[in-house]
Amino acid sequence: MKLLLENWRKYINEEMEEPITTLRIFDFDETIAHTRSETRVKAPDGSEATLRDQQEFEAYMNAAAAKEGIEAFDAVDALMELGYDIDLSDFSIVKDPEEITIITDIMREFPPDSKTYIMTARRGKSLGPILDYLEEIGIDSNEVRPIATQGDSKGNTIAHMIGQKIMSDGKSNISRVEYYEDSQKNIDDVLRKVCENPDLDEIKPIDFELIINKVINNEGQYNIHRIECSPPN
Ligand SMILES: [Mg+2]
């Protein structure tokens with residue numbers, strides 16, 4: 001009993017001395033799993049399109065946003081207001097998933113000084129099915145915190161998360177962010193808002209690292225391309 005108590009005390013002390021220093025952030029679609037989700041669009045001019053993947057989705061939305069003079073980070077809401085019928089219902093489920101094991105093998109490690117997030121741009125009630133899917137592939141969903149940005153900037157969301165852990169020296173306690181993502185648009189946004197953002201320099205600890213792991217699909221063969229952002233000294 002005494003031993004148990006000592007272990008328990010030791011555990012509490014460790015918790016206080018070594019709080020979370022690493023955020024591990026995983027996109028879902030085409031990062032954790034490949035799915036067969038499609039987006040069906042009907043434009044106000046009557047034209048119809050089926051967008052079969054992220055690239056087709058971004059290409060269509062960028063073109064439509066340019067045509068309509070929309071400058072939002074994510075044009076979906078503004079286009080819907082203009083009468084575009086955009087059917088995203090495939091993204092409220094996890095449709096015909098194929099696990100991307102090169103990423104899920106990393107996800108299931110759960111290092112003790114880290115917190116693990118799923119950050120998806122999906123809208124609506126998508127988080128329940130994503131957590132159910134994690135359980136299906138043997139990942140404890142209680143270890144994973146889900147965030148749906150609903151199309152908002154992931155870079156802004158991550159910058160905000162870093163700013164929420166400020167210590168007495170005025171610096172964030174988050175010294176490492178590992179970000180797993182397939183979308184170059186999101187990666188560019190995170191580089192801009194987290195790596196190159198002068199507003200964050202004041203609160204970044206001196207050893208701050210952002211490590212982006214870009215998931216690349218070569219006809220069903222997945223690779224990771226590592227992009228680093230370290231302090232310039
Ligand atoms: Mg994705």
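Two remarks on conventions. Residues are numbered from 1 along each chain as its sequence is written. Because the model is predicted, local features need pLDDT of at least 70 and side-chain atom pairs count only at pLDDT 80 or more, while totals for chains, interfaces and linings use all residues.

I start with the overall picture. The protein chain has eight helices and 11 strands; helices (H or I, at least four residues) and strands (E, at least two) are DSSP runs, numbered from the N terminus. The C-alpha trace spans about 75 × 40 × 30 Å along its principal axes. Of the 233 residues in the protein chain, 26% are buried. Buried here means that 20 or more other C-beta atoms lie within 10 Å of the residue's own, exposed means 12 or fewer, and partly exposed is in between, with C-beta atoms placed from the backbone. Among contacts with a separation of 6 or more, 71% are between residues 24 or more positions apart. A contact is a pair of residues whose C-beta atoms, placed from the backbone, lie within 7 Å.

Next, the domains. Domain 1 takes in 21–34 + 99–229, and domain 2 takes in 39–92; these bounds come from an automatic or database domain assignment. Over C-alpha atoms, the centres of domain 1 and domain 2 are 25 Å apart. Contacts between them involve 13 residues of domain 1 and nine residues of domain 2. On the side of domain 1 that touches domain 2, there are no nonpolar residues, five polar and eight charged. For this count, Ala, Val, Leu, Ile, Met, Phe, Trp, Tyr, Cys and Pro are nonpolar, Asp, Glu, Lys and Arg are charged, and the others, Gly among them, are polar.

Now the cores. A nonpolar core is a set of buried Ala, Val, Leu, Ile, Met, Phe, Trp, Tyr and Cys residues joined through C-beta atoms within 7 Å. The largest one has 27 residues, and I25, F26, V177 and Y179 have the most contacts inside it. At least two residues of this core come from each of β1 (22–26), α4 (101–107), β7 (114–120), α5 (127–136), α6, β9, α7 (184–195) and β10 (209–218). Apart from it lies another core, of nine residues, including F57, M61, A75 and L79. As for V177, its contacts beyond four places in sequence are L23, I25, I158, V194 and L210.

In α5 the buried residues are I130, Y133 and L134. They cover an arc of only 100° around the axis, so they sit on the same side of α5; the arc is that of the directions from the helix axis to the C-beta atoms. Those buried residues pack against β2 (33–34), β7 and β8 (144–148). The face of α5 turned away from the buried side carries the exposed residues D132 and E135. Just after α5, G138 takes a positive phi of about 85°.

In α6 the buried residues are K154, G155, I158 and I162. Here too, they lie on the same side of the helix, because their arc around the axis is only 100°. Their cover includes β1, β7, β9, α7 and α8 (198–201).

On to strand β3, residues 39–42. T39 and V41 form its covered face, while R40 and K42 form the uncovered one. β3 runs antiparallel to β4 (residues 48–51), and four bridges join them; strands count as paired if DSSP finds at least two bridges between them. V41 stands opposite A49 in β4. The hairpin of β3 and β4 has five residues between the strands, and in it G46 takes a positive phi near 95°. β3 also pairs with β5 (residues 85–87), in the antiparallel sense, over three bridges. K42 has D85 as its bridge partner in β5.

Finally, two loop residues. Leaving aside neighbours within four places in sequence, A121 is in contact with T149 and G151. From A121 to A148, 27 residues apart in sequence, the C-alpha distance is 5.6 Å.

M167 is in the loop between α6 (154–163) and β9 (176–181). M167 counts as exposed, because it has 12 C-beta neighbours inside 10 Å.
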